[in-house]
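Thanks for coming. I will go through one model today, starting with a term and then moving to the residues.

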Amino acid sequence: MNLKKLFLPVLAALLLSSCTKEYITVEEHYDGSQLATTYCTVRPDEWEPAVNNGDTTYWYATYECTSITKKVIDDGAVLAYCIEDGRDNLLPYIIPVRVWTSDTTYDWYLENIRYDLEYNEADKKGYITFIMEDSDFNTSQSIRQFRLDGIRFEFKVCAIRNMKKRAANK
């Protein structure tokens, strides 16, 4: 089993995670694989509740992502990061949120940020959905605080395509 071919694309994604370019980049690798990096910003008002009855368990924001293709979904890999204070944090990522309950007291919530991928065959487009879910199922409080504080979330999406399939060991 050739471990170099298995881990090279993942290693390349991790090494390139400090890239500061703010647009889609495509990088060629010696084995023919390509790494496409896209940046997304989620504004506080872009988070949508999954349920509109006041008992919201998670919120989401969906973006079209041209680097997510059918080939990437079938034979590649997608890694997503939440960029916080200049650091790339691989999703899923748990972020602590301080929600003020009065002028002098607050509660801490732990938000789990994860992602889901979709390729719509009808319109030939790929989508990534960022999902925020509270460990205590009280995400509404945290989202309200994000909106009050005007917090934007920065995400980096790395799509690896044209990965060579490994030959089966006999």
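Buried means under 20% relative accessible area, exposed means over 50%, and partly exposed is in between, with a 1.4 Å probe and protein chains only. By that scale Lys 71 is partly exposed, at 44% relative accessibility.

Some housekeeping. This is a predicted model, in which local features need pLDDT of at least 70 and side-chain atom pairs count only at pLDDT 80 or more, while totals for chains, interfaces and linings use all residues. Residues are numbered from 1 along each chain as its sequence is written, and side-chain values use heavy atoms, with hydrogens and water left out.

Back to Lys 71. Which residue does the side chain of Lys 71 meet in a salt bridge? The partner is Asp 75, at 3.8 Å from N to O. A salt bridge here is a side-chain nitrogen of Lys or Arg within 4 Å of a carboxyl oxygen of Asp or Glu. Both residues lie in helix α2, residues 70-75, and are 4 residues apart, about one turn of the helix. Helices (H or I, at least four residues) and strands (E, at least two) are DSSP runs, numbered from the N terminus. Asp 75 is partly exposed as well, with a relative accessible area of 31%.

How many salt bridges does the structure hold? There are 9. One of them joins Lys 125 to Glu 64, with the closest N and O atoms 3.7 Å apart. That pair links distant parts of the chain: Lys 125 is in strand β9 (residues 125-134) and Glu 64 is in strand β4 (residues 58-64), 61 residues apart. Lys 125 is partly exposed at 33%, and Glu 64 is partly exposed at 43%.

Arg 114 and Glu 133 also meet through their side chains in a salt bridge, 3.4 Å from N to O. This pair too links distant parts of the chain, with Arg 114 in strand β8 and Glu 133 in strand β9, 19 residues apart. Arg 114 has a relative accessible area of 30% and is partly exposed. Elsewhere, Arg 43, Asp 45 and Glu 46 are linked in a network of salt bridges.

Now a lysine in another setting. Is Lys 156 buried or exposed? Lys 156 counts as buried, at 0% relative accessibility. This residue lies in strand β10, residues 153-161. Its side chain makes a polar contact of 2.7 Å with the side chain of Asp 88. A polar contact is a pair of N or O atoms within 3.5 Å; within protein, one must be able to donate a hydrogen and the other to accept it, and residues adjacent in sequence count only if both atoms are side-chain atoms.

Next, Val 99, in strand β7 (residues 93-100). Val 99 is buried, with a relative accessible area of 4%. Leaving aside neighbours within four places in sequence, its contacts (heavy atoms within 4.5 Å) include Tyr 106, Asp 107 and Ser 142. Val 99 and Ser 142 are 43 residues apart in sequence, but 6.4 Å apart in space, C-alpha to C-alpha. Tyr 106, for its part, is in strand β8, residues 106-120, and is partly exposed at 35%.

Last, the cysteines. The structure holds 0 disulfides, a disulfide being a pair of cysteine sulfur atoms within 2.5 Å. For Cys 40, the nearest cysteine sulfur is that of Cys 65, 5.6 Å away. Cys 40 is buried at 6% relative accessibility, and Cys 82 is buried at 1%.
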